[in-house]
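Thanks for coming, everyone. Please take a look at the structure on the screen, and then I will walk you through a few side-chain contacts.

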Amino acid sequence: MSHDAPDGTYARRVQDGDRSAFQVLVERYEGMVFDLAHQYADGPEAAEDLAQDVFLTAYRRIDDLQDPDRFASWLYGIALNRGRDYAKNVRRDTYPFSRSEQEGTHIRDNGTAAQDDQLVADEMGDQLWDALDELAPTYATPFLLKYRNGLTYKAMSKRLDVSVSALKVRVHRARKKLRTLLAPYHEKSRS
């Protein structure tokens, strides 16, 4: 079989037990996955590890793929989720309690306000990631592509193989759901 066949052909072959067919999919999407891994990882080695983890996760979960013709968007969703998980874990490992503990930094009276602002920003970022985890990948992926990666709807449409109008609806629904999920945090910060 030539390597020009659609993704679905190879994904179905992998689902049927042909391990070698997965190599074709890796070769097609290693650039995309590695680029995305670089956005989350601290350096090239960490990005390589993250990219390998994405492909290993995809291989292990290939039987969960219901529409093999949509392999690219499914893989992209896995890469986004693994990247978000990686970023969260790095933040937690690096800043287990507060940034002031890093490298023995001591809080000075004149730096307290700036540090408080940073801690509030970190907490808000964590709340946003937690809320994004509550969203289905169908909504979280386009939201992140638009607001984190800065992609246009047209670029997202090509990458995810979803119509522009459907993506606009998904991003709108994601914003609406995030507003609802983050409302308790905003109410608490006002009081």
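**Rings, bridges and a patch**

Tyr 29 and Phe 71 are both buried. Here, buried means under 20% relative accessible area, exposed means over 50%, and partly exposed is in between, using a 1.4 Å probe and protein chains only.

A word on the source. This is a predicted model, where local features need pLDDT of at least 70, side-chain atom pairs count only at pLDDT 80 or more, and totals for chains, interfaces and linings use all residues. Residues are numbered from 1 along each chain as its sequence is written, and side-chain values use heavy atoms, with hydrogens and water left out.

Now the rings. How many aromatic pairs does a search of the whole structure find? Five. Rings of Phe, Tyr and Trp (its six-membered ring) pair if their centres lie within 6.5 Å; planes under 30 degrees apart count as stacked, over 60 as edge-to-face, and the rest as tilted.

Take Phe 22 and Tyr 59. Their pair is edge-to-face, with 5.2 Å centre to centre and 70° between the planes. Phe 22 lies in helix H2 (residues 20-40) and Tyr 59 in helix H3 (residues 44-60), so this pair ties together parts that are 37 residues apart in sequence. Helices are DSSP runs of H or I with at least four residues, numbered from the N terminus. Is Phe 22 buried or exposed? Phe 22 counts as buried, because its relative accessibility is 7%. Tyr 59 has 29%, so Tyr 59 counts as partly exposed.

Back to Tyr 29 and Phe 71. Their ring centres are 5.9 Å apart and their planes are at 55°, so the pair is tilted. Tyr 29 lies in helix H2 and Phe 71 in helix H4 (residues 71-94), so this pair ties together parts that are 42 residues apart in sequence. One more item on rings: Phe 22, Phe 55 and Tyr 59 form one aromatic cluster.

Next, charges. Side chains of opposite charge can pair when their charged atoms come close. A salt bridge is a side-chain nitrogen of Lys or Arg within 4 Å of a carboxyl oxygen of Asp or Glu. The structure holds five salt bridges.

Asp 7 forms one with Arg 28, and the closest N and O atoms are 2.6 Å apart. Which helices does this pair link? Asp 7 is in helix H1 (residues 7-15) and Arg 28 is in helix H2, 21 residues apart. Asp 7 is buried at 13% relative accessible area. Arg 28 is partly exposed at 30%.

Asp 53 and Arg 82 also meet in a salt bridge, at 2.6 Å from N to O. Asp 53 lies in helix H3 and Arg 82 in helix H4, so the pair ties together parts that are 29 residues apart in sequence. Arg 82 forms a salt bridge with Asp 85 too, with the closest N and O atoms 3.8 Å apart. Arg 82 and Asp 85 both lie in helix H4, three residues apart, about one turn of the helix. Through shared partners, Asp 53, Arg 82 and Asp 85 join into one network. Asp 53 is partly exposed at 24% relative accessibility. Arg 82 is partly exposed at 26%, and Asp 85 is partly exposed at 31%.

That covers rings and bridges. Thanks, and please ask away.

How values were computed:
Helices (H or I, at least four residues) and strands (E, at least two) are DSSP runs, numbered from the N terminus.
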